[in-house]
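Come along and check each entry as we go.

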Amino acid sequence: MLYEKNREKSLPLLLFQNPTSEYRGAPFWSWNCALTKELLGDQIEIFKQMGFGGFHMHPRAGLVTPYLSDEFMDMVKFCVDKAKSEEMLAYLYDEDRWPSGFAGGLVTKDEKYRAKYLRFTTNSYKNSEISGADIDLAAKASKSKNGRLLCCYDVTLDENGCLKEFKTTDENAKAQGIKWYAYLETPMPSPKFNDQTYVNTLEKEAIDRFKEITYEAYKEKVGDDFGGAVPSIFTDEPQFSHKTVLSFPDEKKDVVLPWTDNLNETFSEEYGDNLLSKLPELIWELPDGKVSVVRYNYHDHVTERFAQAFADNLGKWCDENGLLFTGHMMAEENLRSQTLTIGEAMRSYRSFGLPGIDMLCNYFEYTTAKQAQSASHQFGNPGVLSELYGVTGWHFDFRGHKIQGDWQAALGVTTRVHHLSWTSMAGEAKRDYPASINYQSPWFKEYRLIENHFARVNTALTRGKAVVRVGVIHPIESYWLHWGPESQTRLKRDQIDENFHQLAQWLLLGSIDFDYICESLLPIQCEKASAPLQVGEMSYDVIVVPGCETLRSTTLERLAHFKKSGGRLIFMGEEPKYLDALESDAPKALLSISEHIPFARADILQALGDVRQVELRDRRSGELTNNLIYQLRQDNDCRWLFIAHGKIPPKVDNTICQTVKISIDGMWNI
């Protein structure tokens with residue numbers, strides 16, 4: 001457990017006044033030059049002076065010491081020993097820069113472990129020259145023209161641009177409609193990946209190799225300190241090859257889909273269907289507004305393959321070796337970005353010991369934080385990690401540091417990873433997402449003021465258990481139904497995404513705390529439903545279904561038992577039409593005996609008024625505040641309430657006071 005001192009019956013005053021290292025921030029320490037023990041030792045002492053509790057040893061652009069070499073590992077060992085002598089923590093990072101998985105190219109120099117994807121194109125590679133290849137500067141597909149032909153298709157669209165008919169065909173056969181080819185490709189080597197490529201995150205064997213090269217190397221060198229001075233290892237932005245769609249149904253642009261050698265076989269085993277034979281359903285819309293169950297199942301299957309190969313694999317190793325698996329996924333912020341790069345974020349959180357997020361650029365992403373916090377609540381994790389403050393520039397002041405840290409603390413963040421603390425400002429390093437939260441900033445000796453504040457907040461907000469009575473079904477699986485040509489589906493997808501963000505803002509800024517319920521995780525979190533609905537370590541009195549078009553049969557079964565047992569079930573907006581993407585009257589039947597309200601702020605806040613635990617109102621006008629959020633925790637026989645700005649306050653006159661009436665459910669001594 002990261003916070004062992006929380007086992008005390010109450011928070012010791014001395015701990016609150018002088019929090020120890022585990023409650024303090026641990027920045028990304030950018031190793032971006034030639035490393036020496038003298039240099040590293042001096043900076044660790046500076047970190048302690050700044051109020052930090054530790055540091056993440058993070059290789060970045062400019063590193064001269066060869067990654068994972070004996071010299072590099074000696075520096076890691078030295079820093080762990082130095083951390084122990086300073087009563088600090090040394091956090092590991094699992095990659096040379098990012099995204100995690102290729103071990104600085106040591107994994108993917110073996111071509112069998114390289115990333116793969118399906119390229120759907122009208123251009124035959126037969127007799128084609130490789131000169132048209134693109135260099136991959138990100139972990140997405142490049143046009144390599146090194147593909148192996150998987151299948152050919154004869155595709156005909158109707159007058160509306162929907163699939164009229166299609167069939168598989170021979171490579172040399174003449175098509176009645178348009179001839180399309182499906183190639184399995186690997187990206188071209190890139191400087192981004194040290195002249196190798198990104199890794200195949202859909203294959204366990206590839207991630208096993210990554211684990212062997214990186215994780216086992218750290219275990220050999222500093223494994224005796226796992227769970228002690230070395231509490232966790234950070235994985236950064238794992239992802240699969242990015243999905244693309246057509247802009248218009250009749251264009252002949254290439255489409256990319258994450259894929260691997262045996263994907264068709266594992267899909268068939270899971271769903272009893274041949275994915276390759278129905279591939280056009282992943283690209284084009286079906287006539288008459290019908291949804292494709294094959295498309296839905298594909299997105300689900302790729303998401304599961306990714307979660308099993310990467311997070312489940314590495315998380316299990318960490319658990320067996322006394323290490324917290326932490327870090328964050330690629331592009332957690334909205335339904336589109338998740339679908340594009342990872343499928344869904346929450347599914348992978350099942351294997352994180354400390355789920356994490358990426359919150360850069362002074363953004364306020366409630367959905368990002370809420371997804372990780374919800375998983376942390378339900379799986380009983382000690383907290384949530386956040387990579388924050390990056391890309392805010394040299395002008396970002398202490399006020400900004402506090403506001404960003406406060407709202408994230410209210411949404412569960414307990415481990416702050418400051419982005420970024422440069423070892424050196426030489427060469428390219430000085431352009432690496434400033435400012436540097438280190439000795440290069442003139443205020444570094446005063447930064448302890450910020451760290452003391454958040455360390456004290458953490459001594460309270462890591463105790464006990466969050467009080468949350470509302471669960472919200474996560475809507476990403478309904479989003480998958482509409483992953484088709486932009487001109488036909490983008491408006492619908494944007495509306496689903498907008499609703500996703502709006503509901504989170506309405507609830508949190510309306511003083512209603514909630515957790516997301518991930519449909520794919522629900523069967524392992526809730527074997528048998530009752531009222532309240534027990535989801536892992538949490539129980540919810542009210543469940544909200546926010547305009548989902550499709551629900552899983554496993555979800556519907558549990559919601560029906562919850563409702564039958566006396567639970568409150570609220571459907572918002574559009575009623576579900578599908579069960580596992582198949583037309584069904586069952587969701588509508590459950591809706592008919594539940595509450596059904598418009599998808600509107602006033603309706604949902606009014607409907608949840610009787611389960612409100614905390615109410616924040618403007619003292620003068622009496623209206624609900626629209627800029628404050630909170631976290632409420634039960635700690636033995638008392639509670640902790642933390643209230644923070646949920647929006648950036650205007651920088652006009654800091655002497656103006658916002659007068660708020662705070663009402664708390666129950667009878668309490670304050």
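**Ground rules.** I noted that this is a predicted model, where local features need pLDDT of at least 70, side-chain atom pairs count only at pLDDT 80 or more, and totals for chains, interfaces and linings use all residues. Residues are numbered from 1 along each chain as its sequence is written, and side-chain values use heavy atoms, with hydrogens and water left out.

**Cis peptide bonds.** I looked up W98 and P99 and found a cis peptide bond joining them, with omega about -5°. P99 sits in the loop between β3 (89–93) and β4 (117–121). For these labels, helices (H or I, at least four residues) and strands (E, at least two) are DSSP runs, numbered from the N terminus. Next I checked the bond from P434 to A435, which is cis with omega near 15°. I placed A435 in the loop between β14 (421–422) and α12 (448–461).

**Positive phi.** I turned to L68, a residue other than glycine, and found its phi positive, near 65°. L68 belongs to the loop between β2 (54–59) and α3 (70–85). Is L68 buried or exposed? L68 counts as buried because its relative accessibility is 15%; buried means under 20% relative accessible area, exposed over 50%, and partly exposed in between (1.4 Å probe, protein chains only).

I then found that Y389, also not a glycine, has a positive phi near 80°. I traced Y389 to the loop between β12 (384–388) and α11 (398–410). With 2% relative accessibility, Y389 counts as buried.
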